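Welcome! Have a look at the sequence and the model, and then we will walk through a few places together.

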Amino acid sequence: MSNSTLAPARTNTGPASPAQPRKPFGAWFRDKGWRHLVGLVMGVFALFPLAYVLSAALSSNGTLVSASGLFSTIEFDNFVDLFSDPQKPFARWFLNTLVVGLITSAGTVFLGALAAYSFSRMRFTGRRFGLLSLMLLQMFPQMLGVVAIFLLLSGISDVVPWLGLGSQTGLIMVYLGGALGVNTYLMYGFFNTVPKSLDEAARIDGASHIQIFFTIILRLVTPILAIVGLLSFITATGEFLIASIVLNDPEAQTLAVGLYSFVGDSQSRTWGVFSAGAVLAALPVMALFLFLQRFISSGLVAGAVKG
């Protein structure tokens, strides 16, 4: 028996590819560089107001125009003053905003999804007229009905006080009525992209419309549900005109109405405290966006079915 030695394995990588010559700056800028420049300008344009408000919130000058520079002083007195005034209950406003925003967004998503499923999957008398009505109603802004909304809620207050003027429930009902039109039409187009063969297969297995809606359709349209919920929450928390008319009790007001009291009085314009409140008011929107981001990006994959 002879001893044999194993030769090391040789790898043939072939001739090295020549390095790509670097483009001249002018050619690179005409091809891709101008896009970076446009992105940088738009980023500065978008971030500068946010940085300015944050700088005013951390400044003790109490005004937006007397600051010598961004973040020249960093103090938290404005945040302390924001919660120390018993006549302006910021914590209560913050809680009211969360309640109104979350209930409005959840109700908009649920009712809009039901209406969109009905228009997309069912055939009934008045379906075409209903779709055209939803599209036509979007042409008229909600501000045109402010007087009618005020008179309607004022009349309801005499019969059902918890649903009339001064109640958050009445404000939520107004928001739901104004948001269902555009959101239903938006979700209706997304529902049409779901193959109807899935409904037919489930119906052969004995599933009803309710089972198909909750177990199949909602899983496949998760991205549009997340988008509609986020937009509805942003609209409900930032709306000022209707909220200022409906909510006349300071304890029931939202942040959009309550923060105006810091700058609406000509005798006291506490811009620093107002900026601090604006910074805190943006936190729920950011938190909800981060929470819904994964549903927007992975909703279609999570609802896929195996063939």
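- You can find Trp34 in helix α1, which covers residues 25–57.
- Trp34 has a relative accessible area of 41%, so it counts as partly exposed, the class between 20% and 50%.

- Leu82 sits in helix α2, made of residues 77–84.
- Is Leu82 buried or exposed? Its relative accessible area is 0%, so Leu82 is buried.
- Which residues does Leu82 touch, leaving aside its neighbours within four places in sequence? They are Lys88, Phe90, Phe262, Val273, Ala276, Gly277 and Leu280.
- Leu82 and Phe274 are 192 residues apart along the chain, yet their C-alpha atoms are separated by 8.1 Å.

**How confident is the prediction?**
- The protein has a mean pLDDT of 83, with 86% of its residues at 70 or more.
- Among the elements, helix α3 (residues 90–121) has the highest mean pLDDT, 93, while helix α12 (residues 261–264) has the lowest, 79.
- Take care with residues 299–307, where the pLDDT is below 50. Beyond near neighbours in sequence, this stretch has ten contacts in the model.

Conventions
Residues are numbered from 1 along each chain as its sequence is written. This is a predicted model: local features need pLDDT of at least 70, side-chain atom pairs count only at pLDDT 80 or more; totals for chains, interfaces and linings use all residues. Side-chain values use heavy atoms; hydrogens and water are left out. Helices (H or I, at least four residues) and strands (E, at least two) are DSSP runs, numbered from the N terminus. Buried means under 20% relative accessible area, exposed over 50%, partly exposed in between (1.4 Å probe, protein chains only). Contact means heavy atoms within 4.5 Å. pLDDT is the predictor's confidence in each residue, from 0 to 100.
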